[in-house]
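Here is a note on the chain shown below, written for someone who has not looked at it before. Please read it with the structure open.

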Amino acid sequence: MADKEKSRDIRTLIAQFRTSDNWVVSLARDLLWVAGVVGTIALILFLVCGTWPAVVTIESGSMTPNMNIGDLVVVVQKDRYGEFMTWEQGKQANVTRFNSYGDVIIYKPNGMTSVHPIIHRAVAYATTTTPLTEIRGNQLKENYTVAHDGYITWGDNNPIPDQFASYEGIGTPEPVKDEWIVGKALFTIPLVGYLPLHIVDVVIVVVVIMILHELYLRSRENKGTEETGGKQKKKAGKKKN
């Protein structure tokens, strides 16, 4: 019996929440609707792309001109929608991605989750048994031997591969292991990435607009109620005369 009463109370609360004219409740409904739409889009992207996050934003110029700051990048699983290729494999097959050979990967440098992933091109696969003598067609001054198997990566606009450079908060990235790869870039949408870069500002603006809109509607309703009440009082006064 108690369970039935609880169920009835919950249904009543839900019905009141859905039909309430209180502006705070109305704003909460709008925010929940927005959250539901965003959550649905995120779920669809995850199912289609098989990765999370399914979209990332270009934050530096290391991939210019093929990827620019503010571009939104759709990320898919490494082997989804086409065979994964390094620069060397792409050159042999004459297959290009983003105006050059090889897939662009999004990876966690040295497996770190405390820093933003890096978005660079996979140019070669290095193994501990076979030293590299050249990278992306560039002859090395001395053979390069890796500590563990992994991908050598290189930003299209950078002078040297990641594994020969040093990054603040990271150090020198090691060859990228498969488990460090978030996914590969499928396509980009120019400028749209500026939205996630300023997501806090955007959320604040949207919430403020929604609040102002609710207050405006409430003000109009109150004004309409006052005018109606005034007319009714005038009519009542005339009838008495």
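**Notes on the model**

1. Phe-84, Tyr-125 and Tyr-151 form one aromatic cluster. Rings of Phe, Tyr and Trp (its six-membered ring) are paired if their centres lie within 6.5 Å; planes under 30 degrees apart count as stacked, over 60 as edge-to-face and the rest as tilted.

2. The model is predicted: local features need pLDDT of at least 70 and side-chain atom pairs count only at pLDDT 80 or more, while totals for chains, interfaces and linings use all residues. Residues are numbered from 1 along each chain as its sequence is written, and side-chain values use heavy atoms, with hydrogens and water left out.

3. How many aromatic pairs does a search of the whole structure find? The search finds four. Trp-87 and Tyr-101 make an edge-to-face pair, with 5.8 Å centre to centre and 80° between the planes. This pair links distant parts of the chain, 14 residues apart: Trp-87 is in helix H3 (residues 87-93) and Tyr-101 in strand E4 (residues 100-101). Helices (H or I, at least four residues) and strands (E, at least two) are DSSP runs, numbered from the N terminus. Trp-87 counts as buried at 12% relative accessibility, whereas Tyr-101 is partly exposed, with a relative accessible area of 22%. Buried here means under 20% relative accessible area, exposed over 50%, and partly exposed in between (1.4 Å probe, protein chains only).

4. The rings of Tyr-144 and Phe-164 have centres 4.9 Å apart and planes at 65°, so this pair is edge-to-face. Tyr-144 belongs to strand E8 (residues 138-144) and Phe-164 to the loop between strand E9 (150-154) and E10, so the pair ties together parts that are 20 residues apart in sequence. Tyr-144 is buried at 18% relative accessibility; Phe-164, at 36%, is partly exposed.

5. The count of salt bridges comes to three. The rule asks for a side-chain nitrogen of Lys or Arg within 4 Å of a carboxyl oxygen of Asp or Glu. One of them joins the side chains of Asp-178 and Lys-78, at 2.7 Å from N to O. Asp-178 is in the loop between E9 and E10 and Lys-78 in the loop between strand E2 (72-76) and H3, so this bridge ties together parts that are 100 residues apart in sequence. Asp-178 counts as partly exposed, at 42% relative accessibility.

6. Arg-121 is in strand E6. Is Arg-121 buried or exposed? At 1% relative accessibility, Arg-121 counts as buried. Its side chain meets that of Asp-156 in a salt bridge of 2.6 Å, N to O. The two residues are 35 apart and link distant parts of the chain, with Asp-156 in the loop between E9 and E10. Asp-156 also counts as buried, at 19% relative accessibility.

7. Arg-97 has a place in two of these contacts. The backbone oxygen of Arg-97 lies 2.7 Å from a polar atom of the Arg-121 side chain. A polar contact is a pair of N or O atoms within 3.5 Å; within protein, one must be able to donate a hydrogen and the other to accept it, and residues adjacent in sequence count only if both atoms are side-chain atoms. Arg-97 also forms a salt bridge with Asp-103, the closest N and O atoms being 2.9 Å apart. Asp-103 is buried, with a relative accessible area of 2%, while Arg-97 is partly exposed, at 23%.

8. Ala-126 lies in strand E6 (residues 118-126) and, at 1% relative accessibility, counts as buried. Leaving aside neighbours within four places in sequence, Ala-126 is in contact (heavy atoms within 4.5 Å) with Leu-132, Val-146, His-148, Asp-149, Gly-150 and Ile-152. The C-alpha atoms of Ala-126 and Pro-175 are separated by 7.4 Å, although these residues are 49 apart along the chain.

9. Helix H2 (23-49) and strand E10 (181-189) each supply at least two residues of the patch. The largest share, three residues, comes from E10, while Ile-44 has its place in H2.
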